[in-house]
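Notebook open, structure on the screen. I'm jotting down what I look up as I go.

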Amino acid sequence: MENNSGKRNILIIRLSALGDVAMTIPVIYSFARIYPSLRITVLTRPFFARLFIDRPGNVSVMEADTKGEYRGIRGMALLLRRLSGMHFDYVADLHNVLRAWEIDLAMLLSGAKVAMVDKGRAGRRRLTSGRKAGEKPAAQQDYVSRYADVFARLGYPVKISFRSVFESRIPEPPVQVRPGSVGIAPFARYANKTYPPEKMERVVRMLSAEGIPVYLFGGRGAEQEMLGRWERTVPNCISLAGKFAIEQELAVIARLRLMVTMDSANQHLASLVGTEAVTVWGSTVPECGFLGYSQSYGDAVFAGLPCQPCTIAGSRKCRIGGMPCLNSIEPETVARKIMDRL
């Protein structure tokens, strides 16, 4: 179908993962509001599409189920045919991986201008190569800024003005959220980014002893079981793990005084609704560039060991064993940071 509207079409690509897609939203919403005459299509996976709440009117979301309809070579061919029929003038590749490169090439051949996010891979390698004692890691550019740079290279500079996906109103949450409440999301994808659960349970008990209501966030299965036990044994503690849709969880997070997370998607979900977060870091550090949009470096808790960071995005094992980057952080340190912010 030929574009006869006279409007410029732009395709934005970010297929995964949850936290990375969440980090694109402050940039995309700001971009769309600055350039209302552009027609913007965001290509992402079906689950992540649910994050684009109350989006600007010139933004549409195209779901790409790469494990279903668009799986494999045939699926990619189908996706490329559909995208080619949409006649994009620009492509903002915010992913920069093989699947996105295939789309980039097809769009280039059809005459679109393409810009890809610069992941700063050389800087990453330097950051994880080890340092002398007392030497600070060299901070990498944050990813929200990296995403904004992509649009600037296409000729559309962006000043980010995003506040919340709930721009008009915050929907009613599925549970009553008491004033001054704290949310705690104690899990991350990788073990070396997850504060030891027994230590985080002590943090929860310290907050409870101060009369602070705590809401626990996690997934189904083992996470739900663990947080359910905390709920049963700790006063002022409510587990939401595995009970509600992500949109409902966001409505809860929006009403919290503070969110406590790892270097995980949850800090970026807090950013999407304008809630401050205290973040706990292990194998990664804020200098890796993944501190949440509008979150404060001063609210990050990390040991500052010479072996940090040992990875940019996390891994399943500790290189030296014992995960001292996390085990050396005492629960009292985390609880004190939370109390200071409250």
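I started with Trp-101, which sits in helix α4, residues 98-109. This is a predicted model, so I'm reading every value below as computed. Trp-101 makes a nonpolar patch together with Leu-98 and Met-116, and I noted its area as about 310 Å².

Next I went to strand β6, residues 182-185. I checked both of its faces, and both are covered. Val-182 and Ile-184 are buried on one side, and Gly-183 and Ala-185 are buried on the other.

Which strands does β6 pair with? I found β7, residues 214-216, in the parallel sense over 3 bridges. Within that pairing, Val-182 stands opposite Val-214 of β7. I followed the chain from β6 to β7: it passes through helix α7, residues 197-209, and this β-α-β crossover is right-handed. I also found β9, residues 258-262, which runs parallel to β6 and is joined to it by 4 bridges. Here Ala-185 has Thr-261 in β9 as its bridge partner.

As a reminder to myself, most peptide bonds are trans, and most residues other than glycine have a negative phi.

Where are the cis bonds I noted? One joins Ser-16 and Ala-17, with omega about -10°. Ala-17 is in the loop between β1 (9-13) and α1 (18-34). Another goes from Gln-308 to Pro-309, with omega near -10°. I placed Pro-309 in the loop between β11 (300-301) and α11 (324-327).

For positive phi, I wrote down Asp-54, at about 50° although it is not a glycine. Asp-54 belongs to the loop between α2 (46-49) and β3 (59-63).

I found Asn-236 in the loop between α8 (222-233) and β8 (237-239). How exposed is Asn-236? Its relative accessibility is 29%, so I put Asn-236 down as partly exposed.

How values were computed
Residues are numbered from 1 along each chain as its sequence is written. This is a predicted model: local features need pLDDT of at least 70, side-chain atom pairs count only at pLDDT 80 or more; totals for chains, interfaces and linings use all residues. Side-chain values use heavy atoms; hydrogens and water are left out. Patches are made of residues with over 30% relative accessible area and no salt bridge: like charges are joined within 9 Å, nonpolar side chains (Val, Leu, Ile, Met, Phe, Trp, Tyr) within 5 Å. Accessible areas come from the Shrake-Rupley method with a 1.4 Å probe; for residues, only the protein chains shown count as cover. A salt bridge is a side-chain nitrogen of Lys or Arg within 4 Å of a carboxyl oxygen of Asp or Glu. Helices (H or I, at least four residues) and strands (E, at least two) are DSSP runs, numbered from the N terminus. Buried means under 20% relative accessible area, exposed over 50%, partly exposed in between (1.4 Å probe, protein chains only). Two strands pair if DSSP finds at least two bridges between them. A crossover is right-handed if, with the strands pointing away from the viewer, the path from the first strand over the helix to the second runs clockwise.
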